[in-house]
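Me: Could you walk me through the aromatic rings in this one? I'm new to it.

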Amino acid sequence: MNTGVKITAFAAALAATFGTAYGVGKGVGPVEEPKKAEHAGHSQAAPAAEGGGHGGHAEAANAPAAGGLQVSEGGYTLALDTPTPALGTSTLKFSIKDAAGRKVTAFTTEHGKELHFIVASRDLTVFRHLHPVKAADGTWSVAADLPAAGAYKAFADFKPAVKGAKGVTLGVDLSVPGAYTPKAMPPVTPTAEVDGYQVRLGGTLDPGEAGELRLTVTKAGKPVTDLEPYLGAYGHLVALRGGDLAYLHVHPNEGGPGPDVSFTATAPSAGTYRLFLDFQHEGKVRTAAFTVRAGAAAAGAGGAAGGTGAAPHDAAGHAHG
């Protein structure tokens, strides 16, 4: 296996949630060295009152705190200007405000971007990892393809350019007007298909304990050994917990350009999670989506890890679910 990508809980806050995670996976040798120190302090509290709360999830004692469950934290607020975007492709606008209500304009670049923006449907069948553009006044905007009506949640993952600042992940609800019928979580299976590629997920996910998740990319039955760097890595992994969409930021282990991309992850609790792996090959980014069960939820399911289907790409073609 070439890759060893490690899922370091997106700061304590994200990892604890193993809910939504943004990770970078590297096949054999990291394209860019992970900056562990920068994420060590992402400790985010997970209040039960926000957007679905924990939904009864009992957090594992050794797991970091859940991330993305609050619209305000650490003196920062995610202000969404477009809470009810239209069905189809819409422009989303938002800003990050400080404790005084001023728009933040200075951010630290991480994984090639000053801010990472994730949008997912509440039933986790739609996923978008977007790259918004910031205006001089601190207003961010990005086109997003939202193919179904219903409830969504947006996450802003950033680190203010302030001395001593730690990474922050905030979450806010939005909704697309129209007739809405929620879909069931896709079943647990070990492989996902996307654009002629097959991705196999192996490993286990255990509450409160670090474990390796290994994703192997093949095409036409042959290993893909020339994955291309995308945002400084050979793979990015985002994890969201079913029920409350807790966000988990994952970081990669060292690795090379395929076919294996691995991450080390810790689930914050027993439960069902959706994993979204972004990888680039032949100049295009694609996303493979998996359903994973951890802890007691995995009993009788034939193991903790599994996946199904491909996640839709965003309007910019960045293979986001």
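Me: How many aromatic pairs does a search of the whole structure find?
Reply: This is a predicted model, where local features need pLDDT of at least 70, side-chain atom pairs count only at pLDDT 80 or more, and totals for chains, interfaces and linings use all residues. Residues are numbered from 1 along each chain as its sequence is written, and side-chain values use heavy atoms, leaving out hydrogens and water. Rings of Phe, Tyr and Trp (its six-membered ring) pair if their centres lie within 6.5 Å; planes under 30 degrees apart are stacked, over 60 edge-to-face, the rest tilted. Searching the whole structure on those terms, the number of aromatic pairs is eight.

Me: Which kind of pair do Tyr-76 and Phe-158 form?
Reply: Their centres are 6.1 Å apart and the planes sit at 80°, so going by the over-60 cut-off, the pair is edge-to-face.

Me: How many residues apart in sequence are the parts that this pair ties together?
Reply: Strands here are DSSP E runs of at least two residues, numbered from the N terminus. Tyr-76 lies in strand S3 (residues 76-80) and Phe-158 in strand S9 (residues 150-158), so the pair joins parts whose separation in residues is 82.

Me: Is Phe-158 buried or exposed?
Reply: Buried means under 20% relative accessible area, exposed over 50%, and partly exposed in between (1.4 Å probe, protein chains only). Phe-158 has 1% relative accessibility, so it counts as buried.

Me: What about Phe-94 and Trp-140: is the pair stacked or edge-to-face?
Reply: The ring centres are 6.3 Å apart. The planes are at 5°, so the pair is stacked.

Methods
Helix = DSSP H or I, 4+ residues; strand = E, 2+ residues; numbered from the N terminus.
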